[in-house]
Amino acid sequence: MDIRRVPYDHPDALKLDAEVQNEYHVRYGDGGDATPMDPADFRPPNGVYLIAYDEAGVPVASGGWRVQDANGEGNRDGDAELKRMYVIDQMRGRGLARRMLAALEEDARAAGRVRMVLETGTKQPEAIALYSSSGYEPCEKFGYYRFHEESRCYAKRL
């Protein structure tokens with residue numbers, strides 16, 4: 001697997017983002033993740049966006065992190081917020097999400113972030129299992145969906 005830094009508005013990132021948004025819609029019936037995001041959120045030093053490519057150069061997984069500091073949505077100084085973790089259907093179960101997560105944690109740590117945080121939902125048990133098995137623990141809710149009953153937030157010290 002070849003993991004590359006790309007802009008959040010790169011054509012491959014847009015393709016995978018559309019796929020993950022469709023999956024959110026299927027699972028939650030709400031049109032996808034409405035969290036406001038901007039490509040600048042993922043430009044160093046504010047964050048990074050990664051895509052994993054297979055041997056044929058096909059984009060198969062994505063993920064990013066963006067800087068979050070203390071704000072009115074429940075974040076703390078030093079947070080790195082994990083966003084858009086996704087693996088295409090036919091590549092699931094091969095450890096790609098775990099490798100992507102490790103690469104994002106390493107990058108955020110190198111950028112001086114002290115805690116990785118993420119928001120997922122009750123209809124994503126695979127995500128909850130991945131994060132729990134990777135050392136993430138439930139934390140206070142934050143972000144756009146902090147008042148939604150199905151929202152679950154997790155954090156890990158970097």
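Let's start with a salt bridge: Glu140 pairs with Arg76, and their closest N and O atoms are 3.4 Å apart. By salt bridge I mean a side-chain nitrogen of Lys or Arg within 4 Å of a carboxyl oxygen of Asp or Glu. Glu140 sits in the loop between strand 6 (137-138) and strand 7 (151-157), and Arg76 in the loop between strand 3 and strand 4, so the pair ties together parts 64 residues apart in sequence. Helices (H or I, at least four residues) and strands (E, at least two) are DSSP runs, numbered from the N terminus.

A word on the source. This is a predicted model: local features need pLDDT of at least 70, side-chain atom pairs count only at pLDDT 80 or more, and totals for chains, interfaces and linings use all residues. Residues are numbered from 1 along each chain as its sequence is written, and side-chain values use heavy atoms, with hydrogens and water left out.

Next pair. Arg66 forms a salt bridge with Asp41, at 2.9 Å between the closest N and O atoms. Arg66 is in strand 3, Asp41 in the loop between helix 1 and strand 2. Buried or partly exposed? Arg66 is buried, at 7% relative accessible area; Asp41 is partly exposed, at 23%. The cut-offs: buried is under 20% relative accessible area, exposed over 50%, partly exposed in between (1.4 Å probe, protein chains only).

Now the inside. The largest nonpolar core has 35 residues. Such a core is a set of buried Ala, Val, Leu, Ile, Met, Phe, Trp, Tyr and Cys residues joined through side-chain atoms within 4.5 Å. Strand 2 gives the most to this core: 6 residues.
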